[in-house]
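I opened the model and kept notes as I went.

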Amino acid sequence: MTVAADVYPSRQLNQQPRWLDRLDPIIHGDPSNDAPLTADQMARFERDGFLVLPELFNQDEVAVFRNEVNRLRNDKEVLEQPSAIREPDSGALRSLFAIHRSNNLFKRIASDERIASIASYIVGGDVYVHQSRMNLKPGFKGKEFYWHSDFETWHVEDGLPRMRAVSCSILLTDNTPYNGPLMLIPGSHRHYISCTGDTPDNHYQRSLRKQELGVPDDSSLNDMVAEGGIEAVTGKAGTVVLFDCNTLHGSNSNITPSPRSNLFYVYNHVDNQPVAPYGELTPRPDFVAERGPVEPLQIAPQHYR
């Protein structure tokens, strides 16, 4: 397979950490068209690389979503699937991938116009779900996830060519400052940090439980935080967080009694499908990175009972 020149190199032999300028637009949509975001919201997404939409889903809807999550987390057949990722120490379910494929409710949520129309506007056209999962961070045992740019991993390990994808996290539980909320570095999406380290094949089996490769060096993180600070996303269940594929983010362990869970969808433009991984690795499984063929998502109003 012929692969275009790698404009975002990372984890290459003898490579030193370095900052590269972003070569792709942040919002691809035409501002002259009807936008599903206000001018202020678009400006904040451009500036910060993320946007928080408080309680976009109501509590009745969240209850439906959460009931389905609880059903799946206790299903022994589900827990034995390769797409079920366990905590490194306790063995508790950490994430269940490809939920838009295997579950009718979560498939419908992916196409809900409240979120999918925004994603389509940000990436500038037809989208499909590149990755989906439900994330669980149980009380007392939920482990941290270290700082990283999703795009760096998707580019090196999956072959995602350009920064034309957006992530959507739907909070299913209240996120407080104490139960390991998502943390983001505002403005970090404007730079690409080239990481070091040799990535072994099938690294996903470890990295989805504990991120160790494809993480920025301490000096770069120090400078990024000095420039942009850190914002922890707190809010009620039903809140939605949209963030650019290159925004640096992570989360702390949850040592409180309060669990934290969310549904997570990655929307990618149909013209930005993965090619051969730029790290010259065996592609990760389809449940982690959809490799196609794909059909544009049919975005429509959804109702849940």
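**Strand β7**

In which sense do β7 and strand β11 pair, and over how many bridges? I found the antiparallel sense, over 5 bridges, with β11 covering residues 240–244. This is a predicted model, where local features need pLDDT of at least 70, side-chain atom pairs count only at pLDDT 80 or more, and totals for chains, interfaces and linings use all residues. Residues are numbered from 1 along each chain as its sequence is written, and side-chain values use heavy atoms, with hydrogens and water left out.

I noted the terms here. Strands (E, at least two residues) and helices (H or I, at least four) are DSSP runs, numbered from the N terminus. Two strands pair if DSSP finds at least two bridges between them.

Val 166 stands opposite Asp 244 in β11. I then looked up strand β13 (residues 260–269): 7 bridges join β7 to β13, and the two run antiparallel. The bridge partner of Ser 169 in β13 is Phe 264.

Next I checked burial, where buried means under 20% relative accessible area, exposed over 50%, and partly exposed in between (1.4 Å probe, protein chains only). In β7 (residues 165–171), 7 of the 7 residues are buried, so the strand is largely enclosed by the rest of the structure. Ala 165, Ser 167, Ser 169 and Leu 171 point one way from β7. Val 166, Cys 168 and Ile 170 point the other way. In a regular strand the side chains alternate between the two faces of the sheet.

**Cores**

Leaving aside neighbours within four places in sequence, Ile 170 is in contact (heavy atoms within 4.5 Å) with a list of residues. Among them are Phe 57, Ile 109, Ile 115, Val 240 and Leu 263.

Ile 170 also turned up in the largest nonpolar core, which has 45 residues. Such a core is a set of buried Ala, Val, Leu, Ile, Met, Phe, Trp, Tyr and Cys residues joined through side-chain atoms within 4.5 Å. Phe 106, Ile 109, Met 134, Ile 170, Leu 263, Tyr 265 and Tyr 267 touch the most other members. Helix α6 (residues 113–123) gives the largest share of this core, 7 residues. Apart from it lies another core, of 19 residues, including Phe 151, Leu 184, Phe 264 and Val 266.

The structure holds 8 aromatic pairs. Rings of Phe, Tyr and Trp (its six-membered ring) pair if their centres lie within 6.5 Å; planes under 30 degrees apart count as stacked, over 60 as edge-to-face and the rest as tilted.

**Strand β4**

I turned to β4 (residues 93–97). Here 5 of the 5 residues are buried, so β4 is largely enclosed by the rest of the structure. Strand β3 (residues 84–86) pairs with β4 in the antiparallel sense over 3 bridges. Leu 93 is the bridge partner of Arg 86. The β3 and β4 hairpin has 6 residues between the strands, and Gly 91 takes a positive phi near 80° there. β4 is also joined by 3 bridges to strand β5 (residues 127–137), running antiparallel. Leu 96 stands opposite Met 134 in β5.

**Ser 188**

I found Ser 188 in the loop between β8 (182–184) and β9 (191–194). Is Ser 188 buried or exposed? Ser 188 counts as buried because its relative accessibility is 0%. A polar atom of its side chain lies 2.9 Å from the backbone nitrogen of Leu 248.

Most residues other than glycine have a negative phi, and most peptide bonds are trans. I listed what departs from that.

- Arg 11 has a positive phi near 60°; Arg 11 is buried, with a relative accessible area of 7%.
- Phe 140, in the loop between β5 and β6, has a positive phi of about 75°; Phe 140 counts as exposed at 57% relative accessibility.
- Gly 292 and Pro 293 are joined by a cis peptide bond, with omega about 5°.

**Whole chain**

The protein chain has 9 helices and 13 strands. Buried residues make up 55% of its 305 residues. The C-alpha trace spans about 50 × 50 × 40 Å along its principal axes.

Terms used:
A polar contact is a pair of N or O atoms within 3.5 Å; within protein, one must be able to donate a hydrogen and the other to accept it, and residues adjacent in sequence count only if both atoms are side-chain atoms.
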